[in-house]
Amino acid sequence: MSYTSSPTSKLFQLTALTLSLALAGCGGGDGTDTIAPEPDLGIEQPDVDNGDDGGTEEPIGALNISSSQLVDVDDNTITSIGLEGAYYEVVVTDDNGQPLANTKVTFSIDALGVDLSQTTSGATLTNSDGEARIFLKPNAPDVSGAYVITANASNDDNTAISNLTFLVQATNVNLSALQITDSQLTAGGQTAVSLKTTDTSGNAISGVLVNLNAPCGQLPEQVTSDENGMIDFVYKAINVDNTLCSGAVRISASTGGVTQSASVSIQAPEATSIVYTANDLTLGIQGSGSSATGAVEFTVFSNRTPLANSEVILSLEKSPLGLTFGVLGNNQQFRARTDENGQVSVNIYPGTTPGPVEIKATLASDTRINALSKGISIASSRVTQDGISLSFGKNVLDWSLDGDSTPVVARLVDRNGNAVPDGTVVNFTAEGGKVSPASCNTDDGECSVTFSTQNPRPGDGRVSLLAVAEGEKAYIDQNENNAWDQGVDTLVHNIGDTFRDDNENGTFEIGEFTYPLTTQANQACENNVRQFIQLKFPSSSEQIKEAFENNFINNFVSPNKPMTCNTELDAIVRYERIQLLSNGSNPTFTLLNNIGIPLQSQVITEGSTRVNIRINSGGFYELNPMPSGTTISGSVVDKTDGEDSGSCTVEMIGGPEEVPAIVSTGSPGDNTGTINTYALDQCEAGDFFRVSVTSPNSVTTAVTYTIVE
């Protein structure tokens with residue numbers, strides 16, 4: 001560490017000549033100042049000895065620096081130092097001349113060029129003899145001139161300061177010729193280099209700092225000679241950025257104005273391998289709305305080092321229809337050169353067809369060396385009109401409590417049956433309850449949100465849930481190019497703006513939620529589903545064709561606003577599902593005849609062998625079933641006895657023991673309650689028949705029927 005200033009004020013200045021004469025005449029001199037504590041006035045500044053007589057002022061207080069001197073490594077007193085350095089030593093005593101131990105002494109140098117070492121703080125503690133020392137060393141052979149070192153001893157509120165002027169003599173250093181182990185290197189190779197530092201008499205000098213330099217390659221910036229004056233280092237014929245050196249490279253070593261240099265000859269680097277170094281890449285087809293292009297990368301190596309400016313031949317080995325590479329529209333091989341990192345990058349422009357892609361990179365210098373790309377595919381397009389579906393974990397939730405929930409999973413594919421690009425956004429809106437989050441991003445064509453019960457709760461217990469995504473309309477490829485050509489290809493069923501059809505009547509009415517991305521179009525939405533059916537399954541019955549058409553319109557067209565269509569491919573695809581809500585704490589029971597019609601008299605008569613009972617949610621959700629997961633059981637109690645009395649038994653022969661996770665939601669006004677059928681045997685008037693249900697919120701409700709004559 002170098003100290004640029006002393007902690008005390010310099011009360012005098014001497015020229016280098018005056019200092020030299022003073023040192024020659026009196027041995028350098030030293031001065032000691034002390035400061036006694038003054039509680040009211042602060043610390044009094046000491047008078048500084050001018051170094052002429054070597055005398056010491058009488059200290060004020062209980063702390064003195066009784067002596068200070070320069071000594072060499074053999075403890076001989078000296079007045080000047082060379083490159084080998086020396087110790088500056090002080091002795092700290094009290095008023096009685098007794099040494100003070102464990103007193104902190106801080107050292108500083110008044111100018112650059114001489115470093116203090118053997119302490120990182122610039123301070124040490126006195127030993128039991130009151131001694132403290134620090135090592136001084138010029139930081140270069142050419143450092144010379146007069147310097148002042150200051151010692152500042154402190155103990156509690158007492159301080160003593162001593163200044164010592166000394167001379168630094170420049171050291172004449174000689175450097176031997178550089179010894180290079182191998183002066184003929186391959187590209188990226190390395191070799192050992194050595195030299196020796198001596199004085200003018202040929203004696204080895206240790207601790208000499210030598211600067212190293214080379215216009216190309218790697219070597220230490222600075223090295224220091226060891227105890228034998230030797231310097232050893234390694235030169236590498238490769239830069240830190242992995243670029244390779246070639247040709248003649250001059251290595252130089254310098255110190256104190258002395259320089260030695262020598263050259264190494266480095267062979268020009270040769271490409272030895274090429275590697276595909278890009279990650280897997282999946283792109284959407286042209287016009288898919290996903291990535292319009294991508295890039296892959298190859299790296300050329302010379303041995304294990306990337307090689308710049310190497311020529312590579314790039315060719316398209318395998319690709320789906322319409323794919324081009326390098327530049328848009330090109331599918332022929334071309335040549336390229338590697339950049340400073342040894343890399344060559346190739347752009348890929350998808351066509352209109354999915355499929356795998358293979359690009360081959362070959363070294364122009366040796367066509368036997370090549371590499372093939374891996375993991376490139378053109379696989380994904382936007383979600384198609386009929387490629388979206390929703391599924392619920394369960395679709396009858398318990399409205400009697402907040403927080404009954406179910407996952408809602410959206411699944412999306414493109415017109416080729418491939419998963420849509422990852423990150424495709426699906427937005428959700430619901431008529432009641434809560435859907436959270438409001439949107440999800442696909443991963444492998446899927447994503448999910450959660451629907452849960454809370455206010456608002458629709459009065460009919462039917463919640464319309466709408467999912468939308470940006471995609472494209474389904475079309476018939478009339479010219480067989482697997483791409484949409486407006487005016488040539490045919491839309492299966494055109495769609496325009498969508499809305500959430502809360503009343504499920506298939507018609508938009510003012511007040512119903514409209515998806516905010518509107519087309520601003522005003523054309524009719526033509527229906528070509530029959531043409532599509534004729535193409536896909538022409539031999540099916542008319543009944544099947546009609547059912548398919550209705551299903552397509554209900555699922556993939558509706559809800560659709562009329563007169564909002566255009567002839568473009570882009571569209572907001574939509575899918576609406578119904579979630580049912582039920583009161584899990586208030587079931588209702590209805591006896592039915594064998595064809596499912598409620599009995600006028602809700603009783604079970606003697607001799608009945610079959611009982612049909614429908615279980616619904618109570619309240620104004622009376623058309624809905626009990627919540628999914630509700631358990632149902634039937635039992636009898638034989639209340640009659642006697643010689644001719646039979647043993648009344650019951651067996652469930654139809655219907656669920658538990659309300660399924662997914663039930664048919666039907667249409668508004670349909671009764672979707674679960675129907676269970678029980679067989680009675682030997683039951684008589686007076687016996688009991690009981691049906692019990694337990695909802696998922698652990699509420700059990702039972703109804704008991706007394707069999708009558």
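The following legends describe close-up views of a predicted model. Local features need pLDDT of at least 70 and side-chain atom pairs count only at pLDDT 80 or more, whereas totals for chains, interfaces and linings use all residues. Residues are numbered from 1 along each chain as its sequence is written, and side-chain values use heavy atoms, with hydrogens and water left out.

**View 1. Y475 pairs with the ring of W484.** The two rings are edge-to-face, 5.4 Å centre to centre with 65° between the planes; rings of Phe, Tyr and Trp (its six-membered ring) pair if their centres lie within 6.5 Å, and planes under 30 degrees apart count as stacked, over 60 as edge-to-face and the rest as tilted. Y475 and W484 are both buried (under 20% relative accessible area; exposed is over 50%, partly exposed in between; 1.4 Å probe, protein chains only). R415 lies over the face of Y475, 4.0 Å from the ring centre (CZ of Arg or NZ of Lys within 6 Å of the ring centre and within 35 degrees of the ring normal).

**View 2. Ring pairs join F532, F537, F548, F552, F556 and Y575 in a cluster.** F552 and F556 are edge-to-face, at 5.5 Å and 70°. Both residues are buried.

**View 3. A salt bridge links R382 and D570.** Their closest N and O atoms are 2.7 Å apart (a salt bridge is a side-chain nitrogen of Lys or Arg within 4 Å of a carboxyl oxygen of Asp or Glu). R382 is buried at 16% relative accessibility, while D570 is partly exposed at 46%.

**View 4. D402 and R457 form a salt bridge.** The closest N and O atoms lie 2.5 Å apart. D402 is exposed, with a relative accessible area of 56%.
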